[in-house]
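This briefing concerns the sheet of one protein model and the helices packed against it. Please consult the sequence and the structure shown here while reading.

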Amino acid sequence: MAQGFCALATCLVLAGSAALAQVSSYGDKQMGDPASDHLPTVLNKVSIVQRLNTRIPLNGEFRDESGKAVRIGDYFGKRPAILALVYYNCPTLCSEELDGLVGALEMVKFRPGKDFDVIVVSIDPSETPEIAAKKKAFYLKRYGHPETENGWHFLTGEQPAINALTTATGFGYVRVPGPDGKMAQFAHASAIQLLTPDGRLSQYYLGVEYSPKDLRIGLVEASEGKIGSPVDAILTYCYRYDPMLNRHSLVVARVVQLGCVLTMFCLGGYMVVMFRRDLKQKKAMPLPNWKNVIG
């Protein structure tokens with residue numbers, strides 16, 4: 001589901017929807033080199049460390065989409081929150097993450113601003129409130145409930161505040177070069193976090209697609225101050241960024257393709273066995289006595 005330079009989507013989501021998922025444009029998807037199916041050095045710091053029950057820095061200073069100076073703590077105290085760490089000029093992965101979040105929230109009866117808040121924070125200190133405002137307008141329109149506007153918060157900030165928040169949430173990322181060679185892109189993992197009303201990390205959801213049922217239950221538990229359990233992070237890195245080729249390589253494809261091949265083999269074998277069994281049963285059936293039938 002993405003091209004460009006957001007290096008990572010979560011395999012647990014992508015593998016389950018591999019037939020539908022497209023994290024990069026068709027021409028940008030490349031199979032990884034068999035001799036180099038390992039995480040490149042540039043991505044060694046890219047990770048999601050699940051720091052459940054950790055309180056995020058509520059005094060972190062940011063600006064909202066209107067340019068108003070705010071603190072993260074302004075959105076806590078009454079209700080739980082969903083936190084998404086992205087950057088607004090991301091070629092595609094961040095958009096896929098927000099698309100997945102909005103898509104799940106469309107099927108959840110709770111509403112932002114009433115039952116919870118959505119806090120989206122840019123990890124790029126060069127991004128502005130104007131960019132954040134455009135993103136908010138886009139996703140609010142897609143969500144289809146303009147009355148929930150006060151429950152959506154798209155923030156930008158300076159590097160110290162960003163570092164404090166990403167460290168507290170265990171969100172590891174690194175800068176990578178864009179097509180023009182400038183270090184203007186970021187390699188990062190994809191995840192959202194649920195937080196309790198007092199700002200503690202209650203649950204992580206990895207990937208770019210989220211279960212509405214899990215999200216609803218997670219919001220209920222977070223509202224009650226409950227802390228969830230770590231989610232399975234096996235095969236977190238589906239895509240890797242190749243700085244030499246300036247593209248991503250699909251590493252998990254071999255796992256998905258192997259599973260598809262095995263599934264087809266099993267189904268084919270089952271059909272052959274059943275066909276042969278039916279054939280044997282037909283051969284074993286006694287021929288009718290036509291004399292008795294005719295009379």
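In what order do the seven strands of the open sheet follow one another? In this predicted model, the order is 4-3-7-6-5-10-11, with mixed pairing. Strand 4 (69-71) and strand 11 (201-206) form the edges; each has a single partner strand, so one side of each lacks a neighbour in the sheet. From one strand to the next, the twist averages 35°.

**Strand pairing**

- Strands of a sheet pair through backbone hydrogen bonds, in either the parallel or the antiparallel sense.
- Strand 5 and strand 6 run parallel and are joined by six bridges, with Ala 81 opposite Asp 117 in strand 6.
- Strand 6 also pairs with strand 7 in the parallel sense, over four bridges; here Val 118 stands opposite Trp 152 in strand 7.
- Strand 3 and strand 7, by contrast, are antiparallel and share two bridges, and Phe 62 faces Gly 157 in strand 7.

**Strand 6 and its crossovers**

- In a regular strand, side chains alternate between the two faces of the sheet.
- Asp 117, Ile 119 and Val 121 point one way from strand 6, while Val 118, Val 120 and Ser 122 point the other way; all are buried.
- The chain passes from strand 5 through helix 2 to strand 6 in a right-handed β-α-β crossover.
- A right-handed β-α-β unit is likewise made by strand 6, helix 3 and strand 7.

**Helix 3**

- Helix 3 (residues 129-143) has 15 residues, which at 1.5 Å a residue should span 21 Å; the distance of 20 Å between its end C-alpha atoms agrees with this.
- The buried residues in helix 3 are Pro 129, Ala 132, Lys 135, Lys 136, Tyr 139, Leu 140 and Tyr 143. They cover an arc of only 125° around the axis, and therefore lie on the same side of helix 3.
- Glu 130, Lys 134 and Lys 141 are exposed on the other side of helix 3.
- Cover for the buried residues of helix 3 comes from elements including strand 3 (61-63), helix 2 (93-105) and strand 7 (152-157).
- Just after helix 3, Gly 144 adopts a positive phi of about 85°.

- Helix 4 (residues 159-169) lies across strand 3, strand 5 (81-86), strand 6 (117-122), strand 7 and strand 11, and runs at about 115° to strand 5.

How values were computed
Residues are numbered from 1 along each chain as its sequence is written. This is a predicted model: local features need pLDDT of at least 70, side-chain atom pairs count only at pLDDT 80 or more; totals for chains, interfaces and linings use all residues. Side-chain values use heavy atoms; hydrogens and water are left out. The expected span of a helix is 1.5 Å times one less than its number of residues. Buried means under 20% relative accessible area, exposed over 50%, partly exposed in between (1.4 Å probe, protein chains only). The arc is that of the directions from the helix axis to the C-beta atoms. Contact means heavy atoms within 4.5 Å. Two strands pair if DSSP finds at least two bridges between them. Axes are lines fitted to C-alpha atoms, for helices over the stretch in contact, and angles run from 0 to 180 degrees between N-to-C directions. A crossover is right-handed if, with the strands pointing away from the viewer, the path from the first strand over the helix to the second runs clockwise.
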